[in-house]
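Hi,

Here is the structure I promised to pass on. Have a look at it first, and my notes follow below.

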Amino acid sequence: PPPPAMAADQTPELPRKEEVPRSRELVLWVEEQRGENEPEKHWAHRREFILRNLEKLSDTDISCGSLPPPSQLNRLLAFSMVWANHVFMGCRYPVEIMEKVLTMGECIEVNDAPTHTTRDELVSKKG
């Protein structure tokens, strides 16, 4: 079963510094980030978002198994949730955040994402 959901102020559990994780451990760490009730379809795309952006966070070379600092990982996980919430549930966020996550996720193909009608679109159709 997936791990319990993490509180916003918690830091994801990372391998200790003296234990340089191998790629298998990195994959296991990423898998632990799945939300308890996150559908497989959503998780597959969010996992891709995390993996694609993990190495871009810092000068860390994840191919060697090392991870960026926890603060950067928390930020990446937050961005991954914002991106998934936007793509799958139609959530909107401040412009700066939307631009950031859409740029981070621009190479990820989601063919079966639902379409959402915004309040502004509904109002403009009435008039």
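A word on terms before the notes: helices (H or I, at least four residues) and strands (E, at least two) are DSSP runs, numbered from the N terminus. Bear in mind that this is a predicted model, in which local features need pLDDT of at least 70 and side-chain atom pairs count only at pLDDT 80 or more, while totals for chains, interfaces and linings use all residues. Residues are numbered from 1 along each chain as its sequence is written, and side-chain values use heavy atoms, with hydrogens and water left out.

First, the overall picture. Of its 127 residues, 29% count as buried, where buried means under 20% relative accessible area, exposed over 50%, and partly exposed in between (1.4 Å probe, protein chains only). Contact means heavy atoms within 4.5 Å. Among contacts between residues at least 6 apart in sequence, 57% join residues at least 24 apart.

**Helix α3**

This helix covers residues 70-89. At 1.5 Å a residue, the 20 residues of α3 should span 28 Å, and its end C-alpha atoms are 27 Å apart, which agrees; the expected span is 1.5 Å times one less than the number of residues. Its buried residues are L73, L76, L77, F79, S80, V82, W83, A84, N85, V87 and F88. What covers them includes α1, α2 and α4 (95-104).

S80 counts as buried, at 0% relative accessibility, and it touches R46, F49 and I50, leaving aside residues up to four places away in sequence. N85 is also buried, with a relative accessible area of 17%. With the sequence neighbours up to four places away again not counted, N85 touches G90, C91 and Y93. Just after α3, G90 takes a positive phi of about 75°.

**α3 against α4**

Two packed helices are described by the angle between their axes and the distance between the axes. Axes here are lines fitted to C-alpha atoms, for helices over the stretch in contact, and angles run from 0 to 180 degrees between N-to-C directions. α3 and α4 pack at about 90°, with their axes 9 Å apart. That makes α3 roughly perpendicular to α4 (angles under 35 degrees count as roughly parallel, over 145 as roughly antiparallel, 65 to 115 as roughly perpendicular and the rest as oblique). L76, F79, V82, W83 and H86 of α3 meet I97, M98, K100, V101, L102 and M104 of α4. By class, this contact has nine nonpolar, one polar and one charged residues; Ala, Val, Leu, Ile, Met, Phe, Trp, Tyr, Cys and Pro count as nonpolar, Asp, Glu, Lys and Arg as charged, and the others, Gly among them, as polar.

**α1 against α2**

Helix α1 (residues 23-31) and helix α2 (residues 40-54) pack at an angle of about 130°, with their axes 10 Å apart, and are therefore oblique to each other. On the α1 side the contact is made by L26, V30 and E31, and on the α2 side by W43, R47, I50, L51 and L54. Six of the residues in this contact are nonpolar, none polar and two charged.

As for α2 itself, its 15 residues should span 21 Å at 1.5 Å a residue, and the end C-alpha atoms are 20 Å apart, which agrees. H42, W43, H45, R46, F49, I50, N53 and L54 are its buried residues, and their cover includes α1, α3 and α4.

Cheers
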